[in-house]
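Notes below, in the order I looked things up.

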Amino acid sequence: MNARRTLLITGVSRRIGAHLAAHYLARGDRVIGTYRQETDELAKLREQGLHAVQIDLTDTAALAGLIDDIAAYTDRLDAIVHNASIWPSDADCDADCTRQPPLISQLYQLHVTTPVQLTLALQHRLPAPIKDGRATRTVVFLTDTKVSAGSDGHLHYLASKAAAQSAMRSLAISLAPHTRANAIAPGLILFHEQDSAEKRANRLAKNLLPFEPGAEVIAQSMDYLLDCSAVTGITLPVDCGLHLLNPSARD
Ligand SMILES: NC(=O)c1ccc[n+]([C@@H]2O[C@H](COP(=O)([O-])OP(=O)(O)OC[C@H]3O[C@@H](n4cnc5c(N)ncnc54)[C@H](OP(=O)(O)O)[C@@H]3O)[C@@H](O)[C@H]2O)c1
């Protein structure tokens, strides 16, 4: 892709989503970013030109408003990046089963159902044309490298990310040739502030390449998926080699 593109990125209020939005705004692209909470990162992104839309992506009734907002803002949509995510443990999910909707339902809504509905609704409202025989829209799902290995403690989270990868492949088939769909499956990208030095050291020791990569590696991967017009239906592991290790070593 080239010229001045328009990207929709969900969950830009912090960390990887905020970095991706800043990366593309700095390149002169237009970015529509969804958020729930106001943050310092979001304020800086607004100064850079972000078109920010506040929405809880598990609220299905709110999706029509988001689509109207996007259609009013642009008639060109080059990329949709499904980044917004939650990461509850199985214990969190079990403890929360009386809440409506339960956390388990929120996982599937946020990681699978809303991204699929949003992708298809935007295709209907702002159809992606074919240009010079090539797709003009790319859809990217942020999943997780542990999807194939599984995990003792995040079954529901990983199952929802696995479903997102499956949905990505089906979209790659059904939306060709005007749209490509791919996934990035990160391993450890960024620690959380509260992670102890011991936790960090233990986690890094599990990688073939034992360092904290930072969000820039996701921007580099995204650049590749946006620019390489022959790639669709793939999942790109960005995990410092974790996928090569024995599954039992991964948790
Ligand atoms: N960071 C890593 O090391 C790592 C590892 C594996 C996979 N990943 C994947 O990479 C992506 C980004 O990771 P991250 O660490 O930057 O995630 P994060 O810090 O947890 O941020 C997630 C974003 O999603 C938004 N969000 C959560 N629930 C939402 C909802 N119901 N409606 C709308 N927005 C919602 C949050 O917005 P609010 O804060 O405003 O609620 C936030 O901006 C995720 O898909 C994650 O699964 C990351």
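Entry 1: I started with the largest cavity, and its volume comes out at about 100 Å³. I am working from a predicted model here, so everything below is computed. I then checked how many cavities reach 30 Å³ or more, and the structure holds one.

Which residues sit closest to the centre of that cavity? I found H82, A84, L110, H111 and P115 there, out of 14 residues in the lining. I sorted the lining by type and got seven nonpolar residues, six polar and one charged.

At least two lining residues each come from α5, β7 (137-142) and α6. Helix α5 gives the largest share, with four residues.

Entry 2: I moved on to the largest pocket, which holds about 1,400 Å³ of space. Its lining runs to 49 residues, and nearest the centre I noted R15, S85, W87, Y157 and H192. Two or more lining residues come from each of α1, β2, α5, α6 (155-175) and α7 (197-204). By type, I wrote down 19 nonpolar, 17 polar and 13 charged residues for the pocket lining.

**Entry 3: salt bridges.** A reminder to myself before the list: side chains of opposite charge can pair when their charged atoms come close. The count for this model is seven salt bridges. I looked at a few of them one by one.

D223 and R27 pair through their side chains, with N to O at 3.1 Å. Why does this pair tie together separate parts of the chain? D223 lies in helix α8 (residues 216-227) and R27 in the loop between α1 (15-26) and β2 (30-35), so the bridge links parts 196 residues apart in sequence. I checked accessibility too: D223 is buried at 14% relative accessible area, while R27 is partly exposed at 44%.

D68 and R125 came next, with their closest N and O atoms 2.9 Å apart. D68 belongs to helix α3 (residues 63-73) and R125 to helix α5 (residues 103-125), so this pair connects parts 57 residues apart in sequence. Both partners are partly exposed: I have D68 at 39% relative accessibility and R125 at 40%.

R76 is partly exposed, at 34% relative accessible area. Is D78 buried or exposed? I found it buried, at 5%.

I also looked for bridges that share partners, and R5, D29 and D227 join into one network that way.

**Entry 4: cysteines.** How many disulfides are there? I got zero. I looked at C93 anyway, and it is buried with a relative accessible area of 3%. C240 is buried as well, at 10%.

I have one cavity of 30 Å³ or more, a largest pocket of about 1,400 Å³, seven salt bridges and zero disulfides.

Technical notes. Residues are numbered from 1 along each chain as its sequence is written. This is a predicted model: local features need pLDDT of at least 70, side-chain atom pairs count only at pLDDT 80 or more; totals for chains, interfaces and linings use all residues. Side-chain values use heavy atoms; hydrogens and water are left out. A salt bridge is a side-chain nitrogen of Lys or Arg within 4 Å of a carboxyl oxygen of Asp or Glu. Buried means under 20% relative accessible area, exposed over 50%, partly exposed in between (1.4 Å probe, protein chains only). A disulfide is a pair of cysteine sulfur atoms within 2.5 Å. On a 1 Å grid over the protein atoms alone, a cavity is a set of points where a 1.4 Å probe fits but cannot get out, and a pocket is an open set with protein on both sides within 12 Å along at least five of seven lines; lining residues have an atom within 4 Å of a point. Grid points are joined across faces, edges and corners, and a volume is the space filled by probe spheres set on the points. Ala, Val, Leu, Ile, Met, Phe, Trp, Tyr, Cys and Pro count as nonpolar, Asp, Glu, Lys and Arg as charged, and the others, Gly among them, as polar.
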